[in-house]
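Have the viewer open as you read.

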Amino acid sequence: MKVLFLTVRADLGGGPEHLYQLLKHRPQGIGAYVACPDDKPYHDRYRALLGPDRIVPLPHRAFSLGSLAATARFIRREGIDVLHSHGKGAGLYARMLGLWTGRPVVHTFHGLHTGEYSPLKKALYLRLEQLLGWGTQKAICVSEGEARLIREAGVIRADKLAVIPNGIEIPETVTRPQWDGGKLRLLAVSRYDHQKNPDLLIDIAKALSGSLRFHLDVIGTGERLPQIQQRLNDEGLAQHVTLHGGVANPRDYFRRTHVFVSTSRWEGMPLAVLEAMSEALCVLATDVVGNADVIRDGETGRLFRTSDEAVRMLQGLTVEDCARLSAAARREAEQTYSADVMAAKTYQVYGVAG
């Protein structure tokens with residue numbers, strides 16, 4: 001079976017990493033191809049796994065009739081059997097290509113991203129998804145919470161939905177130092193946009209600055225990074241918070257950290273949180289869909305609704321609680337969220353879609 005995966009992002013992010021794990025853990029008998037932008041670092045990673053002849057270009061987060069036609073020619077030339085899109089931009093390409101070429105389409109939502117839309121834009125987007133749902137043989141949700149939102153929105157028939165939790169690489173051993181009650185090292189992985197809500201990170205750091213010895217490292221990219229850096233400088237928080245931008249070795253940062261903080265307004269199922277759990281970090285995350293699917297509050301991490309609540313959790317964190325939550329998070333990641341299990345379940349869907 002030949003599968004063409006489509007994504008309009010190949011930069012740093014959970015969606016491109018999810019696709020990388022699917023490619024890396026593909027079973028025997030699957031011929032994998034990728035349509036994606038020439039973004040770093042994942043374009044090069046896909047190319048290294050598959051070879052240059054199995055990559056077809058798509059523009060970054062943009063729609064192009066020329067790219068649509070070129071991809072249709074690629075599908076016919078290579079004898080592609082199934083199209084699998086990731087995210088709403090790629091989903092538009094794949095569903096149109098499915099109609100054009102007669103190939104079945106599998107679509108992974110990676111979150112119902114309407115949080116920043118106006119009521120009119122949200123209504124138009126949901127209507128578009130309903131129309132595209134007719135050209136989708138199977139749709140994958142990466143968490144039960146995401147599936148519930150999609151069923152409530154009515155964008156695709158419930159019998160077409162499959163829930164396959166995200167999966168990650170689980171390190172064999174954990175090398176992170178245990179917190180001894182001294183300076184607390186915090187880490188966040190942020191895309192500087194509305195969804196990831198980096199301003200909430202700064203609110204938390206500001207409230208902690210007079211009452212706790214800590215340092216917050218933030219890795220990630222986005223248009224608002226200079227604006228957030230300026231806010232740190234203006235509020236005198238640069239000594240407590242370091243914005244590193246995009247990094248090639250994020251796991252190295254996890255392994256120097258005690259607590260991972262997520263401030264997202266919504267998620268599908270957050271890979272960064274799963275990676276933090278696999279590295280035995282104590283996780284504090286906003287109580288939203290995706291985060292709440294992964295974290296059981298008080299058992300495998302903590303969930304908060306406001307910055308004040310997050311601050312109280314960090315101020316009241318004990319060495320014993322941090323160690324207990326860290327160990328439980330690691331066990332949960334090992335037992336539930338491995339990349340090989342996620343990939344095996346995904347490739348089984350193609351038999352149904354075809």
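## The cavity and its lining

Lining the largest cavity are Leu-186, Leu-201, Ile-204, Ala-205, Leu-208, Phe-214, Leu-216 and Val-261. Here a cavity is a set of points on a 1 Å grid over the protein atoms alone where a 1.4 Å probe fits but cannot get out, and lining residues have an atom within 4 Å of a point. This is a predicted model, where local features need pLDDT of at least 70 and side-chain atom pairs 80 or more, while totals for chains, interfaces and linings use all residues. Numbering runs from 1 along each chain as its sequence is written, and side-chain values use heavy atoms, with hydrogens and water left out.

The whole-structure search turns up one cavity of 30 Å³ or more, and the largest holds about 40 Å³ of space. Volume here is the space filled by probe spheres set on the points, with grid points joined across faces, edges and corners.

α7 (198-208) and β9 (214-219) each bring at least two lining residues, and α7 gives the most, with four. The lining splits into eight nonpolar, no polar and no charged residues.

## Over to Cys-141

Cys-141 sits in strand β6, residues 138-141. Cys-141 counts as buried because its relative accessibility is 0% (buried means under 20% relative accessible area, with a 1.4 Å probe and protein chains only).

Leaving out residues up to four places away in sequence, Cys-141 touches Phe-109, Glu-146, Ala-147, Ile-150, Leu-161, Ala-162, Val-163 and Ile-164 (contact means heavy atoms within 4.5 Å). Of that list, Leu-161 is 20 residues from Cys-141 in sequence and 7.0 Å away in space, C-alpha to C-alpha.

Notes. On a 1 Å grid over the protein atoms alone, a cavity is a set of points where a 1.4 Å probe fits but cannot get out, and a pocket is an open set with protein on both sides within 12 Å along at least five of seven lines; lining residues have an atom within 4 Å of a point. Ala, Val, Leu, Ile, Met, Phe, Trp, Tyr, Cys and Pro count as nonpolar, Asp, Glu, Lys and Arg as charged, and the others, Gly among them, as polar. Buried means under 20% relative accessible area, exposed over 50%, partly exposed in between (1.4 Å probe, protein chains only).
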